[in-house]
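Dear colleague,

Please find below the structure that I am handing over to you.

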Number of protein chains: 2
Amino acid sequence: MFVRDGYEATTMRAIADKVDYTATAIYHHFRSKEELMLELATTDFRALATAFGQIGRIEDPIERLRRVGEAYVEFALAHPMQYQLMFMTPHPVMTVKGITRGDPSQDAYAFLRRIWEEALAAGRVRPEYTDAEELAQMCWSSLHGLLSLHIVKHNATQHGEQWIAWRDAGKTARRMSEALVRGLTR
Amino acid sequence: MFVRDGYEATTMRAIADKVDYTATAIYHHFRSKEELMLELATTDFRALATAFGQIGRIEDPIERLRRVGEAYVEFALAHPMQYQLMFMTPHPVMTVKGITRGDPSQDAYAFLRRIWEEALAAGRVRPEYTDAEELAQMCWSSLHGLLSLHIVKHNATQHGEQWIAWRDAGKTARRMSEALVRGLTR
DNA sequence: CTTTTTACCTAACAGTGTTAGGTATTCTCG
DNA sequence: CGAGAATACCTAACACTGTTAGGTAAAAAG
């Protein structure tokens with residue numbers, strides 16, 4: 001229901017009706033609506049983290065970059081609601097259970113930044129770019145933009161007309177990343 | 001109040017209190033909360049549209065692309081709430097007053113697509129990219145990603161810790177666009 | 001077999017956007 | 001100028017939201 005109708009549109013009473021309980025019964029198992037949503041999302045977030053752990057072993061930083069992008073896109077498209085919760089809500093829940101930030105194997109952003117640090121050290125980057133933080137933010141932003149637009153567009157087209165002839169998200173994301181990396185490296 | 005606290009957090013009663021009226025008084029001037037917000041946003045949206053009209057006269061498509069990106073970024077950073085309303089909410093208000101879609105001088109996306117159509121016709125694009133729609137979506141997405149992350153990060157940091165060492169949005173946007181365009185053109 | 005914990009319910013609260021119905025004030029025009 | 005109409009605003013209230021208080025029956029513990 002969260003994925004189909006969105007967080008706001010899914011009411012506690014509607015959830016309770018679905019499982020033949022009262023809304024108040026839910027509060028004996030979860031402290032709040034937010035915590036319920038979070039509990040549902042946590043499993044999938046951990047799956048993303050472990051996928052990153054696998055990728056961490058790849059030697060070539062640019063190849064690792066491609067793979068981490070792929071995994072990220074795959075996650076966002078498979079779990080749009082979780083993605084929305086994590087990166088598109090004004091009140092992001094900072095500390096998702098079991099995901100400590102700062103640890104590259106679990107924190108997507110720090111992982112991405114480290115890749116660029118290695119690429120910089122290896123002399124693979126164009127001279128005008130020297131800031132790993134900036135490079136990471138560029139890469140993340142471009143993918144996030146495509147994914148978030150696809151997610152809100154998907155929600156919007158359920159309730160009306162479609163405006164733009166959207167191309168396949170996964171394919172466009174890959175080709176965009178290729179172009180961006182081509183423009184950043186030498 | 002909409003810009004400072006966000007759309008949801010700004011209640012009709014709070015707005016009414018601020019101007020020493022009752023909440024119901026507002027409904028004699030605006031049909032709903034959404035229409036009130038829209039009325040406030042419309043002025044700024046038109047400003048963006050006219051800015052695009054000015055840029056439309058530039059000959060070189062790539063130079064025009066740079067300028068349209070600049071104007072877009074400037075708008076988003078100056079009017080974060082309007083930007084959020086337009087591109088980041090699941091229920092986008094499709095028909096903003098005075099902005100008819102499909103018209104390149106007013107519709108940002110169609111404008112961007114036309115630029116790439118011209119660039120393709122002029123042979124300025126790498127052979128692996130032949131779809132103006134895809135090219136437009138890549139450019140728009142990358143800027144949107146950076147801007148939307150900055151906007152939600154700005155909202156988030158008001159209520160707590162900051163997570164990422166964000167670089168200046170305008171500068172990063174420009175350098176990212178440069179890299180992307182470099183990777184797309186020849 | 002008693003006691004405590006658990007699981008669930010009915011009512012209700014405080015808050016939201018919004019509407020119905022009524023009352024002054026202002027405007028229109030003969 | 002003055003009667004009628006339109007406007008501007010108010011108080012109550014509705015339907016909905018997440019959430020809490022307090023009570024009841026069943027299950028678990030000792």
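Around DNA strand C there are 13 residues, of which the closest are T22(A), A25(A), T11(B), S32(B) and K33(B); a residue is near a molecule or strand if its C-beta atom, placed from the backbone, lies within 6 Å of it. Two or more residues of this surface come from each of α3 of chain A, α2 (12–18) of chain B and α3 of chain B. Helices (H or I, at least four residues) are DSSP runs, numbered from the N terminus. By class, the surface near DNA strand C has five nonpolar, six polar and two charged residues. Here Ala, Val, Leu, Ile, Met, Phe, Trp, Tyr, Cys and Pro count as nonpolar, Asp, Glu, Lys and Arg as charged, and the others, Gly among them, as polar.

Please note that this is a predicted model, in which local features need pLDDT of at least 70 and side-chain atom pairs count only at pLDDT 80 or more, while totals for chains, interfaces and linings use all residues. Residues are numbered from 1 along each chain as its sequence is written, and chains are lettered from A and ligands numbered from 1 in the order in which they are written.

DNA strand D likewise has 13 residues around it, and T11(A), S32(A), K33(A), T22(B) and A25(B) come nearest. At least two residues each are supplied by α2 (12–18) and α3 (23–26) of chain A and by α3 (23–26) of chain B. Five nonpolar, six polar and two charged residues form the surface near DNA strand D.

As to the fold, chain A has nine helices and zero strands. Buried residues (20 or more other C-beta atoms within 10 Å of their own, C-beta atoms being placed from the backbone) account for 34% of the 186 residues in chain A.

The two chains also meet through their α9 helices. The axes of α9 (residues 169–184) of chain A and α9 (residues 169–184) of chain B come within 7 Å and cross at roughly 105°; axes are lines fitted to C-alpha atoms, for helices over the stretch in contact, and angles run from 0 to 180 degrees between N-to-C directions. α9(A) and α9(B) are therefore roughly perpendicular to each other, a term for angles of 65 to 115 degrees. Among the residues making this contact are L180(A) and L180(B).

Finally, the largest nonpolar core has 85 residues, and L112(A), L180(A), L112(B) and L180(B) have the most contacts inside it. Such a core is a set of buried Ala, Val, Leu, Ile, Met, Phe, Trp, Tyr and Cys residues joined through C-beta atoms within 7 Å.

With kind regards

Methods:
A residue is buried if 20 or more other C-beta atoms lie within 10 Å of its own, exposed if 12 or fewer, and partly exposed in between; C-beta atoms are placed from the backbone. Angles under 35 degrees count as roughly parallel, over 145 as roughly antiparallel, 65 to 115 as roughly perpendicular and the rest as oblique. Two residues are in contact if their C-beta atoms, placed from the backbone, lie within 7 Å.
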